[in-house]
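Reader: I would like to learn how the words used for a structure follow from its values. Can we go through them by question and answer?

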Amino acid sequence: MGKAAIDYSLYLVTGRELLPEGKDYYESLEEALQGGVTVVQVREKDTDTGEFVEIARKTKEITDKYNVPLFINDRIDVFLAVRPAGLHIGQSDLPLARARELVGDDALIGVSVSNVDEARAAVAGGADYVGVGAIWDTGSKDVTAKLKLAPEGAGVVLDVLEGVPSVAIGGIHPPNVPQLLHGSVSPVNRTALDGVAVISAIVSSADPRAAAAGIRAQVDSFKRAR
Ligand code: TZP
Ligand code: MG
């Protein structure tokens, strides 16, 4: 899957711990894909390596079926074992330059950024996309107050991306998507935001297909109108 083919409109980050009681992870994932998820990232924080690899491998079987690119969060070893489209790293993970040496030029690397300096470094280092956040408070990750960008702060970060694709992340749910999409827009970055990334808005839903479809429709109509 070539780099140019990626549509970042609706980026699902997995969070098995947030599934509703009795909901199967793979079933939820497949429903979300049917609802219009365009990118998936497997994010596992306290999972044994062998199990992480197995989950990533099975997840890839499903995302492949929908022709959706898969990223692995943090773990280069899991990436190398499964070889999906890409690796996603944060500011305290493997440095971007080392990650690039290890994954090669054909793989995609996404980088989480929370401010303009991190965004500039990610762009200079050749990140294929950036995740900008946390936009709002989230129960899905420990984020300190200074990392909370709110839509206006996201716009400042988007201004320095120089065409590198971006997704916003953190506390994004259907009611605040309009505020995000319009609040993060300035004349410079009008086209900079390529999509939204969510965990709980889809994973916690009893109907992930409908949850994904609802957010996807909002992003699609924003992108059509700009
Ligand atoms: N990075 C910044 S915020 C966040 C991550 C992984 C969690 C997003 O989860 P949610 O449930 O969509 O707020
Ligand atoms: Mg990380």
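Reader: What makes the length of α2 close to the expected one?
Author: The model is predicted. In it, α2 has 17 residues and reaches 24 Å from its first C-alpha to its last. The expected span is 1.5 Å times one less than the number of residues. For α2 that gives 24 Å, and the helix reaches close to it.

Reader: Which residues of α2 are buried?
Author: They are F52, V53, A56, T59, K60 and T63.

Reader: How do you know that the buried residues of α2 line one face?
Author: Look down the helix axis. The buried residues of α2 fall within an arc of 135 degrees, so they line one face. An α-helix has 3.6 residues a turn, so residues three or four places apart point the same way.

Reader: What does the buried side of α2 pack against, and what lies on the face turned away?
Author: The buried residues pack against α1, β2, β3 and α3. The face turned away carries the exposed residues G50, E51, E61 and K65.

Reader: Why is R57 called partly exposed?
Author: R57 lies in helix α2. Buried needs 20 or more other C-beta atoms within 10 Å, and exposed needs 12 or fewer. R57 has 15 such neighbours, so it counts as partly exposed. The C-alpha atoms of R57 and P84 are separated by 8.7 Å, though the two residues are 27 apart along the chain.

Reader: Why is N67 called exposed?
Author: The limit for exposed is 12 or fewer neighbours. N67 has 10 C-beta neighbours inside 10 Å, so it counts as exposed.

Reader: Is D74 buried or exposed?
Author: D74 lies in the loop between β3 and α3. The cut-off for buried is 20 or more. D74 has 20 C-beta neighbours inside 10 Å, so it counts as buried. D74 also has a positive phi, about 70 degrees, although it is not a glycine.

Reader: Why is A206 called exposed?
Author: A206 is found in the loop between α8 and α9. A count of 12 or fewer means exposed. A206 has 12 other C-beta atoms within 10 Å, so it is exposed. A206 and S28 are 178 residues apart in sequence, yet 8.5 Å apart in space, C-alpha to C-alpha.

Reader: How do you know that the peptide bond from G133 to A134 is cis?
Author: Its omega is near 0 degrees. Most peptide bonds are trans. A134 sits in the loop between β6 and α6.

Reader: Which residues touch the most other members of the largest nonpolar core?
Author: A168 and V196 do, in a core of 66 residues. Leaving out residues up to four places away in sequence, V196 touches L10, Y11, V167, A168, I172, V177, L180, I215 and V219.

Reader: What surrounds ligand 1?
Author: 16 residues do, and the closest are T138, S140, G170, I199 and S200. By class, the shell has eight nonpolar, seven polar and one charged residues.

Terms used. Residues are numbered from 1 along each chain as its sequence is written. Chains are lettered from A and ligands numbered from 1 in the order in which they are written. This is a predicted model: local features need pLDDT of at least 70, side-chain atom pairs count only at pLDDT 80 or more; totals for chains, interfaces and linings use all residues. A residue is near a molecule or strand if its C-beta atom, placed from the backbone, lies within 6 Å of it. Ala, Val, Leu, Ile, Met, Phe, Trp, Tyr, Cys and Pro count as nonpolar, Asp, Glu, Lys and Arg as charged, and the others, Gly among them, as polar. A nonpolar core is a set of buried Ala, Val, Leu, Ile, Met, Phe, Trp, Tyr and Cys residues joined through C-beta atoms within 7 Å. Two residues are in contact if their C-beta atoms, placed from the backbone, lie within 7 Å. Helices (H or I, at least four residues) and strands (E, at least two) are DSSP runs, numbered from the N terminus. The arc is that of the directions from the helix axis to the C-beta atoms.
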